[in-house]
Amino acid sequence: MSYEISRSIVGPMTAPATTDDSRPAPAAPAPGRGPARRPAVDWRIRFAVLSLIWGFSFLLIKVGTEGYAPLQVTLGRMVFGTAVLLAALGLRRQRLPRGARAWVHLAVSALFLNALPYSLFAYAELTISSTLAGICNATTPLWGMALSMVALSEDRPTRRRVAGLGLGFIGVLTVLGAWQGFSGQDPAGTAMALAASASYAVGWVHVRRTLAGRSDSHLAMSSAQLLLGTAQLAVVTPLFTSVPDSFPLVPLLAVTALGALGTGVAFLIQYGLVAEVGPTTAQMVTYFIPVIATAAGVALLGERLDWNIPAGALIVLAGAALTQSRRRRPQA
């Protein structure tokens, strides 16, 4: 639901680990147009709205799967999300990226940042709570840091990053109740949710290595990525599902909101935040998502909340924060 905030395009609902602000800066205003207009809504309000949208997305997935197959939920989500971005692209009179190579890389990004993780989360929530899914999603920065230290030469291991990864791993074990044999949690569903978070990290690294530095706008790149992800799911979904006999209204509304808000509108808010306050501040939304997902699941779906789930979530978030922290350089 990405993404990602600083380097990938449209990906996870949390920002992958970032160690610097090296993303291309937002384009400067064209000569003669003057400075960009200040948004009418304060960034703090938009930050809160983005946190709520992404936090409630796991509840919407859960409700959607009560009426439709997981792949159908994901396809519907992609269709509505793509429609929002394409409409925004048209209103801004921007074009989709050109070049076969870019589209090939975008297709890979669409697989690992959208089609695969969205589907895995939908399948996972057939057997695990939306609360647990939201907390598993919070491990994305940990996966991202672990993978980037292996695949990206500029992200070298440091004591803080290694300590953060270790702390995050302890947090995951705490959430799952490792000392009691993971009782009460479905291993397959939990594994799929964690795999979805890891998929975001794979897609993020791919984007950094193949698509960074392109002159196309983030909106154009993201629209193309979602369009390709929708096409991928449009091919796969009919192979594994059949047309629903009925179209339950509440699950349908949940899928519509999941796509239009959680994937489409959320990206537009996210991009505006990154452009205004920078990726470091914008990515702080990561730490609010599992809190909101937990509150929504418990309050609205009546999901059970044992002490180890919020305790483990706090440890995961602390580990994620540690992997992204940077040692302050002494002032001259």
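Let's start with the contacts, meaning heavy atoms within 4.5 Å. In the protein chain, take the contacts between residues at least 6 apart in sequence: 86% of those join residues at least 24 apart.

Before I go on, a word on where this comes from. It's a predicted model, so local features need pLDDT of at least 70 and side-chain atom pairs count only at pLDDT 80 or more, while totals for chains, interfaces and linings use all residues. Residues are numbered from 1 along each chain as its sequence is written, and side-chain values use heavy atoms, with hydrogens and water left out.

Now the overall picture. The protein chain has 12 helices and 0 strands; those are DSSP runs numbered from the N terminus, H or I of at least four residues for helices and E of at least two for strands. Of its 332 residues, 51% count as buried. Buried here is under 20% relative accessible area, exposed is over 50%, and partly exposed is in between, with a 1.4 Å probe and protein chains only. The chain exposes about 15,400 Å², and carbon and sulfur atoms supply 65% of that; the areas are Shrake-Rupley, 1.4 Å probe, and for residues only the protein chains shown count as cover.

On to the rings. How many aromatic pairs does a search of the whole structure find? It finds 6. To pair, rings of Phe, Tyr and Trp (its six-membered ring) need centres within 6.5 Å; planes under 30 degrees apart are stacked, over 60 edge-to-face, and the rest tilted.

One of them is phenylalanine 58 with phenylalanine 121, edge-to-face, at 5.5 Å centre to centre and 75° between the planes. That pair links distant parts of the chain: phenylalanine 58 is in helix α1, residues 43-64, and phenylalanine 121 is in helix α3, residues 100-124, 63 residues apart. Phenylalanine 58 is buried at 0% relative accessible area, and phenylalanine 121 is buried at 1%.

Phenylalanine 121 also pairs with tyrosine 200: the centres are 6.4 Å apart and the planes sit at 35°, so this one is tilted. Here the link runs from α3 to helix α7, residues 187-210, with the two residues 79 apart. Both phenylalanine 121 and tyrosine 200 are buried.

Then there's a cluster, with ring pairs linking Trp43, Phe47 and Phe288. Who else touches Trp43? Valine 277 does, and it touches Ala282 too, not counting residues up to four places away in sequence. Valine 277 is in helix α9, residues 249-277, and is partly exposed at 26%. Valine 277 and tryptophan 43 are 234 residues apart in sequence, yet 7.9 Å apart in space, C-alpha to C-alpha.

Even so, the 25 residues of α3 should span 36 Å and the end C-alpha atoms are 34 Å apart, which agrees; the expected span is 1.5 Å times one less than the number of residues.

Last stop, arginine 93. It sits in the loop between α2 (70-91) and α3, and is exposed, with a relative accessible area of 79%.
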